[in-house]
Amino acid sequence: MKRFLTSLVALCAMPLLLFGQEELPYLEARKDASGRYGYFDEEGNNVIPCIFDWALSFSHRDVVSKVKSDGLYYLIDRSGRIFLGEGYENSPDVYDHFACVQPDDDSGHYIIDFAGRRLSPEGWSVIPVERDSWYGDPVLFAMAPLGDEQNGYYLADFRFEPLSEVRASKYRHMVYCPEVIEYTDRSDGALCYGVMNAAGEVLVEAGPGTEWLDEERLSNLDESYDLIRKSGTYGLYSDEEQNNEMVFILCSGDGKSFLCDITGQEVVPLQKANSHLAFYKRNIKDYIAPYLRHHQQNRERFAERVAAPFDSCEAWALELAPKAVPTESVALADRKEAASDDGVDGFFGMAAAMAGATVDRSEREAAEKAEEAKPVKGAIPESYDLFFASEKGGIIRLVGDMYAGSNILMVFDLNDKVLFTSNSDITHKDGYFTFHDIDDSSVTVKVKDDWSSVTFGGKVYDMSMTRDEMARMLGILAR
């Protein structure tokens with residue numbers, strides 16, 4: 001018993017999965033001989049069974065990925081758990097800290113966090129404005145009243161309130177200056193483009209003269225600085241930051257072109273269109289060089305119209321996004337609160353909450369206790385989460401769940417390391433359920449069919465506890 005209690009104390013020190021950590025192990029999604037997908041670590045070990053019709057790999061940043069089974073997409077975490085029970089007909093878009101889902105073609109898109117909580121408001125269809133993943137999660141969104149998407153989307157930030165008066169059919173971050181957004185307008189039938197800042201303020205209005213937008217950095221006007229040198233303005237924007245701020249937009253339509261900077265300030269007035277290089281050569285002396293000489297005013301205007309609105313947008317994301325990045329599920333948060341209310345706090349209280357501590361006064365507890373009851377003799381439940389201890393020392397955790405119609409068993413140690421993953425072959429003989437390893441069928445886990453003991457790795461674990469019983473034991477230890 002002493003060893004058992006020592007093992008329980010060790011359980012309290014289990015490392016917790018931290019969302020937002022810089023790098024996680026890469027898990028590759030690939031098929032086995034049967035053509036089914038599963039996940040493999042960098043050593044080639046099969047860590048999540050090959051039971052899916054399709055799967056997307058976990059990058060070094062992904063806490064959640066997606067799989068497909070029986071025609072539906074699911075969100076899956078690194079332990080192999082489909083943490084939201086419902087499947088989606090359409091593939092979710094998964095980001096570092098949230099996902100965009102559309103349950104079916106008749107539903108709008110909306111944003112959820114990794115505890116399954118809806119972040120975007122009811123009655124709206126909300127889609128992230130994509131940007132290069134190098135920058136991190138999207139911080140801007142396109143949102144439209146549900147059922148009225150055909151009339152365009154407003155630009156919004158993490159507050160999920162319309163910022164723009166314009167309703168556009170599409171938004172995208174500009175390539176050379178991602179702090180501003182190109183929008184697409186089809187309101188008059190023709191396809192036109194405009195530019196707005198992160199506050200929804202239109203910098204370049206979409207219309208007949210903006211059927212094409214071409215963005216160029218100062219250094220790329222003639223694929224060299226030759227024009228700038230000849231104009232006598234080469235040294236004004238010499239460092240990388242200033243050069244990156246100096247982005248031009250060449251707007252064309254109806255056979256004519258005009259040039260503005262990224263803030264919407266006109267640089268070259270409307271004139272007959274020709275090749276880009278010819279346009280810049282023709283206008284460098286009279287328009288572009290004089291504009292460049294207003295160096296300080298140009299930088300101040302960029303700071304006010306471009307940088308400040310985007311900084312504000314990112315500030316909202318920093319303030320609100322942590323609510324979209326819980327370090328725990330909603331159920332776990334409830335359990336922690338219940339454990340605290342019940343007087344089990346501190347280090348052991350955290351472990352008790354992790355183990356599923358509940359209180360007697362809520363209807364939720366009754367449902368949880370029923371769910372966590374020990375399996376009945378001779379039957380394998382669809383899902384279970386049990387702890388088994390050995391008198392010789394050591395605790396293992398058995399987690400079972402249904403995947404694509406098969407009951408899969410996984411065995412974990414105290415550090416949440418996967419020790420065993422079963423295939424779909426289960427035998428029931430001589431009072432034992434025998435589970436066979438997915439990689440080596442000669443490796444087995446034998447569970448007594450009354451769920452009183454487990455034989456694994458040459459050791460018998462004959463002290464079984466549910467998560468609730470584990471929590472109560474931890475509560476005793478905490479006192």
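In which order do the three strands of the open sheet lie, and is their pairing parallel or antiparallel? The order is S4-S5-S6 and the pairing is antiparallel. The model shown in these views is predicted: local features need pLDDT of at least 70, side-chain atom pairs count only at pLDDT 80 or more, and totals for chains, interfaces and linings use all residues. Residues are numbered from 1 along each chain as its sequence is written, and side-chain values use heavy atoms, with hydrogens and water left out.

**View A. The open sheet S4-S5-S6.** Helices (H or I, at least four residues) and strands (E, at least two) are DSSP runs numbered from the N terminus. Two strands pair if DSSP finds at least two bridges between them. Strands S4 (54-55) and S6 (72-77) are the edge strands, each pairing on one side only. Six bridges join S5 (residues 64-69) to S6 in the antiparallel sense. Ser69 stands opposite Leu72 in S6.

**View B. Strand S14 and the strands paired with it, S13 and S15.** Five of the five residues of S14 (residues 181-185) are buried, where buried means under 20% relative accessible area, exposed over 50% and partly exposed in between (1.4 Å probe, protein chains only). Ile181, Tyr183 and Asp185 point one way from the strand, Glu182 and Thr184 point the other way, and all are buried. S13 (residues 170-173) runs antiparallel to S14 and is joined to it by four bridges; here Tyr171 has Tyr183 as its bridge partner. S14 also pairs with S15 (residues 192-196), in the antiparallel sense over five bridges. In that pairing, Asp185 has Cys192 as its bridge partner.

**View C. An aromatic cluster that includes Tyr95 and Phe98.** Rings of Phe, Tyr and Trp (its six-membered ring) pair if their centres lie within 6.5 Å; planes under 30 degrees apart count as stacked, over 60 as edge-to-face and the rest as tilted. The structure holds 14 aromatic pairs. One of them joins Tyr95 and Phe98, with 5.2 Å centre to centre and 40° between the planes, so the pair is tilted. Tyr95 counts as buried at 10% relative accessibility, and Phe98 counts as buried at 1%.

**View D. Charged ends over the rings of Tyr110 and Tyr432.** A charge sits over a ring if NZ of Lys or CZ of Arg is within 6 Å of the ring centre and within 35 degrees of the ring normal. The charged end of Arg118 sits 4.2 Å from the centre of the Tyr110 ring. For Lys446 over Tyr432, the distance to the ring centre is 5.1 Å.

**View E. The kink in helix H4.**

Definitions and conventions. Bend = angle between axes of the 7 residues up to and from the residue.
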